[in-house]
Amino acid sequence: MKNIEKFKNKLQREMKSGFIALLLLYLINDSNEPIYGYRIIQGLNKATKGNLKFREGTVYPILRYLQSQNFLTSFLGESPNGAPRKYYEITDFGKVALHEGLQSWQLLRNELDSIFKSMGVK
Amino acid sequence: MLIKNYLKSIEKELIDIDEKIKKSIIQEISEHLDEKIEDVKKSKKVSELSPKRLRKILEEFGEPQEIAGEYRRQLSEELIAVRGTKKSSKKQVIASIIALCVVLTLILVIFTVVDINDEKKDDKTIIPGKGLEVIQVGDDLDEVKDVFGEPEYIVDSNELIWVSYRYEKGIDFLISNTTDKIVEIRFNSGFNGALANEISIGSILDDVLNESGGAKNTVQANLTETTNVLLGSDRVLYEQIYKGNLTAYKFVDAKKGILYWFDLDKTVTQIVVFRPY
């Protein structure tokens, strides 16, 4: 049972990470203005309606990854709360990645559906 | 204390991550937690959160080990510097010796002027256009460290270095990356000083306007316009609109070298001092 739990967690973590990355690109692209981490996570919670369980802290490493791939840029801005805020914006390259990512996701979903169907998995 | 310990635990977990990256990670986590705490305080209409609620916020953020693991997974290999693999160059050795000499000199200076500094350190009067008696716009990082000690964190962005003493003292310094001089001093919640006219963190907008001679202009502005003061700076009151909602107020009095941020209750949340223009 412990191994099954571990396997499930691993599978979920790996699927979630890619899916969240795609959602993050989508949300940041959808925002009309530069947007900071906390707001992005609020947007993510709203978009997934609590169905996608994730720890808030695991989103920031993904944002960092997206930035390292030049899909996002960031700058430090002011905040009424005092501490500096890191604002994110999508790059043109990021927009292409989002488009490609959404297509790949659709393709993968179709392929997986068809594979499972052919195997008789319901 | 709870938050500080939590951040320390994450820092410990990130032991093999490059120091500069580690600091910026801690900064982004601390930013998130600050935002969330403020949000919860507002929604619960309380001024402080109970340890139980703080623990819940941290739980929702994740276990330090889990967070560190995720950073490790997402950071590309070149960003992770394995400890001990960096070779010391001759330049580094010379720089260390110079730094040591500077530190020794500073210690000497500190000991000789300790009485004067102690007196100055106690003075927490915010001076518009300058800062505090003991540290002012135009001073450099070494001077900041002389007065306040090692910063809690430093974030190096393209043009500015953010030097923070936020949790212990409620102060942040913005230092120009080109001149190495302080360009802004930010007083936040936790700073227990005030201006000579008694305006401080927690004062209300009307009092600030009265003490400043009123707003010449009130503008509704988006995030970028408000952040960069694009719609004027001579006693201009910004009403920051984000996605159609009023999210904050900012009053800029650039001729005096001071600006104030307010939350939706029109309470001062931050005072920023800079060179007048």
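**Notes on the predicted two-chain model**

1. Let's start with a surface pair: Glu150(B) and Lys145(B) form a salt bridge, with the closest N and O atoms 4.0 Å apart. (Salt bridge here: a side-chain nitrogen of Lys or Arg within 4 Å of a carboxyl oxygen of Asp or Glu.) Glu150(B) is exposed, at 61% relative accessible area, while Lys145(B) is partly exposed at 26%. The cut-offs are under 20% for buried, over 50% for exposed and partly exposed in between, with a 1.4 Å probe and protein chains only.

2. Before going on, the ground rules. This is a predicted model, where local features need pLDDT of at least 70 and side-chain atom pairs count only at pLDDT 80 or more, but totals for chains, interfaces and linings use all residues. Residues are numbered from 1 along each chain as its sequence is written, chains are lettered from A and ligands numbered from 1 in the order in which they are written, and side-chain values use heavy atoms, leaving out hydrogens and water.

3. Now for a buried pair. Glu184(B) and Arg186(B) are both buried, and their side chains meet in a salt bridge at 2.5 Å, N to O.

4. Asp234(B) has a salt bridge to Lys216(B), at 2.6 Å between the closest N and O atoms. This pair links distant parts of the chain, 18 residues apart: Asp234(B) sits in strand S8 (residues 234-242), Lys216(B) in the loop between helix H9 (205-212) and S7 of chain B. Helices (H or I, at least four residues) and strands (E, at least two) are DSSP runs, numbered from the N terminus. Asp234(B) is partly exposed, at 23%.

5. On to the sheet. Chain B has an open, mixed sheet of nine strands, ordered S2-S3-S4-S5-S11-S10-S9-S8-S7; pairing takes at least two DSSP bridges between two strands. Strands S2 (153-156) and S7 (217-221) of chain B are at the edges with a single partner strand each, so one side of each has no neighbour in the sheet. S2(B) runs antiparallel to S3 (residues 160-165) of chain B, joined by four bridges; Asp156(B) has Ile161(B) in S3(B) as its bridge partner.

6. Last, the interface: 34 residues of chain A contact 45 of chain B, contact meaning heavy atoms within 4.5 Å. Five salt bridges are counted between the two chains. Arg85(A) and Glu35(B), for instance, meet in a salt bridge at 2.5 Å, N to O. A salt-bridge network also links Glu56(A), Lys36(B), Lys56(B) and Glu60(B).
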